Amino acid sequence: MGTSFNDKFDQHSAWRREFALRLKLLSQWLKDQDLLDASVEDRLHRLETQVRVDKVTVAFVAEFSRGKSELINAIFFAGYGRRIMPASAGRTTMCPTEMAYDPEVPPCLRLLPIETRLQPQSLMEWRLAPEKWERLELEVNNPKQLAEAFAKVAETRRVTQDEARALGFWHSDDGNAVPDANGLLEVPKWRHALINIAHPLLKQGLVILDTPGLNAIGAEPELTVSLIPQAQAVVFILGADTGVTQSDLSIWREHLVEDGQDLSTRLVVLNKIDTLWDALDSPQEVQAQIERQKRGSAEILGIPADQVVAVSAQKGLLAKVKNDAALLKRSCLEQLEDALSQDIMGRRQKILGAAVSRGITALRGETGRCVHIRRRDLTEQLLELKGLQGKNQPVIKNMRARVAQEQAEFDAAGVKIHAVRSVHLKLIREIFGLLGPKALKDEMAQLTAALKQKGFKLGIKRSYGETFERLRANLRQVHAKGLDIHAMLAATFLQLNTEYGFSLQVPDEPQMAPYLSDLDLIERSHVQYLGIGNAFRLAQPEFADRLVRALSTRLRTVNETVLGDIEAWSKSAASQLDSQLRERRKNFVRRLEAIDRIGQASSGLDERIEDINARSTELDQVELKLVELTDSLLQMTTAARFGVAVHAS
C-alpha cells in the first residue's frame with residue numbers, strides 16, 4: 001500500500017536521477033566547446049555531489065514504552081508483513097540505532113560495544129574503525145532473519161554499580177536505574193548500531209535515527225550535542241493515554257528545545273490512540289477526548305496544535321499488513337505520513353532547490369563571460385581584417401607591428417597579475433591557518449584542560465563561552481580577509497577590464513553569517529547539556545574527553561565547509577582570470593597568423609573574413625545552447641521546490 005511519504009521520496013529520487021543526468025550532459029557539452037575550465041568543473045562537481053549525497057535525517061525520540069519502534073515499523077517496514085524493529089512491551093531499543101543505505105557496503109548490522117565508552121574517541125571516530133564493530137550480515141528478503149538480527153540492538157548486560165557509573169549510566173540519585181538483588185544494574189550491551197539496508201526510502205537518502213529513553217540519551221553526549229540537533233526533523237512520541245509526563249517534558253526541554261530555535265522542525269506524535277477507543281463511548285466522544293489530549297500536549301510543549309498528530313502505530317501496522325483500508329484510516333497513520341512528507345521532504349527540497357539554483361546561475365554567468373570574450377575577440381579581428389581590404393604591404397606590415405606591440409604590453413602586464421596572485425594566495429593560506437586542523441586541535445586542548453580542573457565545574461559554561469567567542473572571532477577574521485581579497489581582486493579586475501576589454505567579475509565572497517549561526521547552535525546544545533545535571537559525569541575525566549571530542553568532530557565539519565566555500569570562491573576568481581588570459585593569448589596568435597597569411601596572399605583576406613563570420617555564427621549557437629541547457633536545470637530546481645515530479649523530456 002503506497003503512502004504519500006513514500007511517493008514524496010520516489011519523486012525526489014526520480015528528480016535527483018534526472019538532474020544528475022542533465023548535469024552530466026551539460027558537463028560533456030562544455031568540454032566539447034572548450035568551456036570546461038577548473039572553476040566550472042569544480043562547480044559542476046559540487047552541484048553533482050550536493051544532489052547525490054543529499055540526506056534527510058529524521059530522529060525518532062521518546063521515553064520508554066511510547067511505541068516508538070512500532071511507529072518506525074508501521075511507517076517504514078510494513079511491506080515485510082511483520083514487525084522488523086523490536087517492539088515488545090517494556091523497555092526496548094536501548095541502543096541508539098541509525099538506519100541508512102550505503103551502496104558500497106553489503107546489507108549488514110554493525111554494533112559498537114558499550115565498553116568503547118571507557119575510551120575517549122567520539123562516535124564519528126569509531127565509525128572510521130569498522131574492525132571494532134561486531135558485524136552481522138542481513139538477508140534482506142528474509143523478514144524473520146531481519147527481525148532476529150534487529151533484536152540484537154535491544155540486548156543488555158548486567159554490570160556492577162562502579163562499571164555502570166564509569167559507562168555513564170548510573171549515579172546514586174538516579175531513579176531510573178535500580179540495582180537487582182546482587183547489586184547489579186542492567187545497561188545496554190551496545191553503544192550504537194548502524195543498519196545498512198536497501199529499503200526504498202533509505203536508498204533515496206532518508207536516514208532514520210532511533211534513539212533510546214532519557215537516561216541513555218543523557219549518557220551519550222554525541223546524541224544530544226550532534227546527532228539530534230543536526231537532524232532535519234525530530235519526531236517526538238508521547239502516549240495518548242498519559243499525555244505529557246514529567247519524564248517526557250524532561251526530554252523535550254533538555255534535549256529537543258533550545259532558546260530561539262525553529263520549532264517547526266519538531267513533530268509531536270500522540271501514539272496509542274487505540275487505548276482510548278472505548279466501546280462504551282461514541283466515536284464522537286472518543287474523538288473529542290483525542291482532540292483534548294492533542295491541545296493539552298501542544299500547550300504544555302509550547303507548540304501549535306497542528307504540530308501534534310494523534311495515531312495508533314500498532315493498528316496502522318496491522319492495517320497495512322492485512323490491507324485493511326478502514327482500519328488504516330482509523331489509525332490516522334496516513335495523516336502522520338502526510339505531515340512527514342510535506343514538512344520534511346518539502347523543506348529539504350526547497351533548501352536544496354534554492355542552493356542548486358544559485359550554483360547553476362553562477363555557472364551560467366561564468367561560462368557566459370568566456371563566450372562574451374570570444375565574441376569580442378572575433379569582432380576585433382573582423383574590424384582589423386576589413387581595415388586591410390585594398391591595402392598594400394607596408395600597411396599590412398604596420399598592422400602586424402602594432403599587434404605584436406600590443407602582445408608585448410599584454411605579456412608585461414602578466415608580471416603585475418602574478419604579484420596580485422601572490423598576495424591572494426598568501427591571504428588564502430592565512431584563512432586556512434585560522435580554520436585548519438592544528439588551530440582547532442589547540443583550541444580543543446585548551447577547553448579539555450579547563451574541564452579537567454579539580455572541584456565542581458562552576459566555570460565550565462564560562463570556558464565554553466570563551467572558546468566559542470574565539471571561534472567566532474576566527475570566522476570574523478576570515479570574513480575580513482575575504483573582504484581584503486575581494487577589494488584587491490575588484491581593483492585588478494577593473495583595471496584589466498578597462499585596459500584590455502576583459503569581462504572579469506569578482507564573485508561575492510562567502511558569507512560567514514550562516515556559519516556563525518551554526519556555532520551559536522552548537523554552543524547552545526553543549527551549554528544546555530552541561531546544565532542538566534551532568535556535573536557527576538563531568539567529574540569523570542574520560543567523560544569530559546568524550547564531550548570535547550564530540551564537539552571537535554562537529555566544529556571540524558563547520559570549518560571544513562567554510563574552507564570548501566572559500567576555496568571554491570577563490571578558484572572561481574582565479575579561473576576566470578586564467579580563462580580570459582588564455583583566450584586573449586590565443587587571440588593574439590590568431591590575429592598575427594591571419595595578418596601573416598594575408599601578407600603572403602591577398603586572396604587569403606576574404607577567406608579569413610568568411611571564416612570569422614562562420615565562427616561568429618557558431619558562437620551564437622553555443623550561446624543559445626548554454627541558455628537552453630542551464631534553463632532546463634533551473635526549471636528542475638523550481639519543480640524541486642514545490643515537490644513536482646519531473647519527467648525526462
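Where is the place of C332?

1. C332 sits in the loop between α13 and α14 (333-388), where helices (H or I, at least four residues) and strands (E, at least two) are DSSP runs, numbered from the N terminus. This is a predicted model, in which local features need pLDDT of at least 70 and side-chain atom pairs count only at pLDDT 80 or more, while totals for chains, interfaces and linings use all residues. Residues are numbered from 1 along each chain as its sequence is written, and side-chain values use heavy atoms, with hydrogens and water left out.

2. Most residues other than glycine have a negative phi. C332, although not a glycine, has a positive phi of about 65°, and with a relative accessible area of 16% C332 is buried (buried means under 20% relative accessible area, exposed over 50%, partly exposed in between, with a 1.4 Å probe and protein chains only). N323, also a residue other than glycine, has a positive phi near 60°; N323 lies in the loop between α12 and α13 (325-331) and counts as exposed at 55% relative accessibility.

3. A search of the whole structure finds eight aromatic pairs, where rings of Phe, Tyr and Trp (its six-membered ring) pair if their centres lie within 6.5 Å, and planes under 30 degrees apart count as stacked, over 60 as edge-to-face and the rest as tilted. One of them joins F60 and F76, an edge-to-face pair at 6.1 Å centre to centre with 80° between the planes. Because F60 lies in strand β1 (residues 56-62) and F76 in helix α3 (residues 68-76), the pair ties together parts that are 16 residues apart in sequence. Both F60 and F76 are buried.

4. The rings of F410 and F588 have their centres 5.6 Å apart and their planes at 55°, so this pair is tilted. The pair links distant parts of the chain, with F410 in helix α15 (residues 393-435) and F588 in helix α20 (residues 541-600), 178 residues apart. F410 and F588 are both buried. Elsewhere, ring pairs link F77, Y80 and F150 into a cluster.

5. R330 lies over the face of W277, at 3.9 Å from the ring centre; the criterion for a charge over a ring is that NZ of Lys or CZ of Arg is within 6 Å of the ring centre and within 35 degrees of the ring normal.

6. W126, found in helix α4 (residues 123-127), is buried, with a relative accessible area of 6%. Leaving aside neighbours within four places in sequence, W126 is in contact (heavy atoms within 4.5 Å) with L112, T116, Q119, Q121, K132, W133 and R191. W126 and H192 are 66 residues apart in sequence and 10.0 Å apart in space, C-alpha to C-alpha.

7. The axes of α3 and helix α12 (residues 313-322) come within 8 Å and cross at roughly 30°, the axes being lines fitted to C-alpha atoms, for helices over the stretch in contact, with angles running from 0 to 180 degrees between N-to-C directions. The two helices, α3 and α12, are therefore roughly parallel to each other (angles under 35 degrees count as roughly parallel, over 145 as roughly antiparallel, 65 to 115 as roughly perpendicular and the rest as oblique).

8. The buried residues of helix α5 (residues 143-150) are Q145, L146, A147, A149 and F150. What covers them includes β3 (108-113), β4 (134-137) and β7 (190-196).
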